[in-house]
Amino acid sequence: FRIAANQEQLDKMKSNLEQSDAVVSFADENIHNLCALLKYFFRTLPESLLPYEFVMDVSSKCDIDNKAGEEILLTKMKTELIAKLEPEKQALLKELMHFLKRVWEHSSNNKMHNKNLSIVFGPCLFYPRPSLIIDPISQLSHSSVINTLTDYLIVHQDALLPAEIVFSETESEESDDQREDVNEKLKKQTDLIKSLQVES
C-alpha cells in the first residue's frame, strides 16, 4: 500500500472489473496495482461502506483520549455502527478487516502496522454523501476520528464484528435495481479482497 500503482495498468484493471459479470482473476497482476484497485472501489461505492454520520456523532459526543472513552466508543461502534449495517456490508467489512489484520501481522516486512493501515483505509470507508455539506475545518477534525475508528475495527475486529452474518429479505426504500447494483459492487469487492489474501 506504500508503493504507487502503474496508472495505465490500474485503469485497465478497473475497466475489466467494472465490465465483467463474472469473477475476474487477478492472479498474475502486480500486487501494488491490486492494492490501489481495492482502495479505488471502496472509495467509489454509491455510498460509503460505513456512514459518515457516525463520525460526526462520535466527534461531538465522545472523548476518546482516555481508557474509559475507548470502552464507551467500542460499545457504541458495536451497537450503533456495526449492528445497523446491512448484512452485505457486514460481510464485506469482515472480509476486509481480516485481510488488513493479515497485512498488519507482516508489518515487520511491509511497514504497514495497524495505525498506517487506518490512515490509508479510513477515508475509503467513511466519506460524506454529496448532499452532506461539511466545512473543511470540520472535515479536518474528523480525520483523526476516522483513523481511530478504523484502527479499532482492525485491532478489535473479533469483538466488534458478528461471528455469523444472517442474510434476510427486507423491504428497502431503494428500488430493486439500485440495491442489486450496490450488492453487485460489494460482491466484486469481496472477491477482490479474497484474491489479495491469496497473494499475501
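Me: Contact means heavy atoms within 4.5 Å. With that in hand, which residues is L93 in contact with, leaving aside its neighbours within four places in sequence?

Reply: A word on the model before we look: it is predicted, so local features need pLDDT of at least 70 and side-chain atom pairs count only at pLDDT 80 or more, while totals for chains, interfaces and linings use all residues. Residues are numbered from 1 along each chain as its sequence is written, and side-chain values use heavy atoms, with hydrogens and water left out. Now to your residue: L93 is in contact with L49, L50, I82, L85, L153 and L161, once those sequence neighbours are set aside.

Me: Which residues touch the most other members of the largest nonpolar core?

Reply: A nonpolar core is a set of buried Ala, Val, Leu, Ile, Met, Phe, Trp, Tyr and Cys residues joined through side-chain atoms within 4.5 Å. Here, buried is under 20% relative accessible area, exposed is over 50%, and partly exposed is in between, using a 1.4 Å probe and protein chains only. The largest core has 42 residues, and those touching the most other members are F1, L50, L93, L96, M97 and F126. Two or more residues come from each of α2 (31–43), α3 (52–61), α4, α5 (87–105), α7 (114–125) and α8 (136–155). The most comes from α5, with seven residues. Another core lies apart from this one, with eight residues that include L10, L17, F26 and L37.

Me: Where does K76 lie, and is K76 buried or exposed?

Reply: Helices are DSSP runs (H or I, at least four residues), numbered from the N terminus. K76 lies in helix α4, residues 67–81. K76 is buried, at 10% relative accessible area. Beyond its neighbours within four places in sequence, K76 is in contact with F54, D57, V58, C62 and L81.

Me: How many aromatic pairs does the structure hold?

Reply: Rings of Phe, Tyr and Trp (its six-membered ring) pair if their centres lie within 6.5 Å; planes under 30 degrees apart count as stacked, over 60 as edge-to-face and the rest as tilted. There is one aromatic pair here. The ring centres of Y40 and F41 are 5.0 Å apart and the planes are at 85°, so the pair is edge-to-face. Y40 is partly exposed at 25% relative accessible area, whereas F41 is buried at 3%.

Me: Which charged end sits over the ring of Y40?

Reply: A charge sits over a ring if NZ of Lys or CZ of Arg is within 6 Å of the ring centre and within 35 degrees of the ring normal. For Y40, it is the charged end of K14, 4.0 Å from the ring centre. Likewise, R43 lies over the face of Y127, 4.2 Å from the ring centre.
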